[in-house]
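Please open the model in your viewer and keep the selection tool at hand.

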Amino acid sequence: NPHKTFEYRVMPYGDEHLLLIARDITRVSQLEAMRKDFVANVSHELRTPLTVINGYLEILPVDETADPFMQKAMKEMTAQTHRMQNLIEDLLVLSRIEASSERIYENVVNIPTVLSQIEREAQALNKEKQHHIEFHIDADLKVFGVETELRSACSNLVFNAVHYTPPGGEIHVYWRHDEEGAKFAVHDNGDGIESNHLNRLTERFYRVDKARSRKTGGSGLGLSIVKHVLSHHNSRLDIASTLGEGSQFSFVLDKELIAEQI
Ligand code: ADP
């Protein structure tokens with residue numbers, strides 16, 4: 001039936017037979033498609049009013065001479081508007097990646113270019129924290145993939161390391177190619193994460209410490225974006241972490257995706 005979607009499982013049945021189980025998941029996939037559409041539309045619709053609010057906030061004549069309460073209110077409204085804008089941008093990025101049909105073998109991504117931009121942004125973000133951030137990247141690394149997606153996966157992981165490491169930390173970022181594939185890793189000596197949280201971290205809006213994460217201004221969608229990007233590139237996120245010692249976030253892109261060897 002062309003209008004139905006099935007999920008199949010094959011299991012051994014006795015010594016000589018296999019059992020094929022087909023589950024009708026038509027309804028579930030329809031609901032999932034509706035959810036994706038809904039989130040994408042709502043996010044898109046919220047963008048315009050927020051831009052208008054933000055535009056007025058920027059031109060309101062509230063400076064150091066204004067009433068202290070007005071100054072406080074302006075500061076808070078501006079901060080919350082920006083938080084909402086970040087959240088909506090991340091929801092849109094996530095929707096776009098979920099719906100992405102861009103083929104990964106059609107474009108070559110120059111990794112050093114992408115990572116040097118992320119390095120500049122990380123250094124800008126690092127002003128307050130004064131971490132030692134070091135990128136270890138060989139020249140001439142090229143992979144097949146979707147540039148915007150890989151950029152957003154890598155930058156989310158690097159910025160998280162900056163956010164969740166106490167001031168004066170050590171952050172190392174690696175990208176190298178070997179016989180297994182293209183390997184990316186971010187190591188930090190920050191807060192670390194308790195093991196019972198690890199397998200839920202890539203869920204939408206999942207945070208270990210809600211109040212704290214909110215203060216960093218994150219949307220709670222970063223690792224979910226990373227997960228979707230990697231699944232689109234046939235890879236997955238590996239997380240190793242020890243509470244109080246630091247974390248390592250890494251992924252390997254299959255060697256088929258390394259472009260310079262072809
Ligand atoms: P957020 O916007 O909250 O940063 P993410 O999806 O990027 O959302 O991350 C989810 C949660 O994972 C964070 O709230 C934080 O608790 C934890 N986390 C992510 N990266 C790190 C890290 N490098 N060190 C410690 N905790 C981290």
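Begin with the whole chain selected: among contacts (heavy atoms within 4.5 Å) between residues at least 6 apart in sequence, 68% join residues at least 24 apart. This is a predicted model, in which local features need pLDDT of at least 70 and side-chain atom pairs count only at pLDDT 80 or more, while totals for chains, interfaces and linings use all residues. Residues are numbered from 1 along each chain as its sequence is written, and side-chain values use heavy atoms, with hydrogens and water left out.

Still with everything shown, switch to a cartoon, where the chain has seven helices and nine strands; these are DSSP runs, with helices being H or I of at least four residues and strands E of at least two, numbered from the N terminus. The C-alpha trace spans about 85 × 45 × 40 Å along its principal axes. Of the 262 residues, 34% are buried, a word that stands for under 20% relative accessible area with a 1.4 Å probe, protein chains only.

Next, select residues 26-59, which form helix α1. Its 34 residues should span 50 Å at 1.5 Å a residue, and the end C-alpha atoms lie 51 Å apart, which agrees; the expected span is 1.5 Å times one less than the number of residues. Follow the helix to R47, where there is a kink of about 25°, shortly before the proline P49; the bend is the angle between axes fitted to the seven residues ending there and the seven starting there. Which residues of α1 are buried? They are T26, S43, L50, N54 and L57, and their cover includes β2 (17-24) and α2 (68-98).

Now pick L91, which lies in helix α2 and is buried, with a relative accessible area of 17%. Leaving aside residues up to four places away in sequence, L91 touches V39, S43, F205 and L221. Although L91 and S43 are 48 residues apart in sequence, their C-alpha atoms are 6.6 Å apart in space.

Finally, show helix α4 (residues 147-163) together with helix α7 (residues 222-232), which pack at an angle of about 140° with their axes 9 Å apart. Axes here are lines fitted to C-alpha atoms over the stretch in contact, and angles run from 0 to 180 degrees between N-to-C directions. To see the contact, display the side chains of E149, L150, S152, A153, N156, L157 and N160 of α4, and G222, L223, I225, V226, V229 and H232 of α7.

Notes
Buried < 20%, exposed > 50% of the residue type's maximum accessible area, 1.4 Å probe, protein only.
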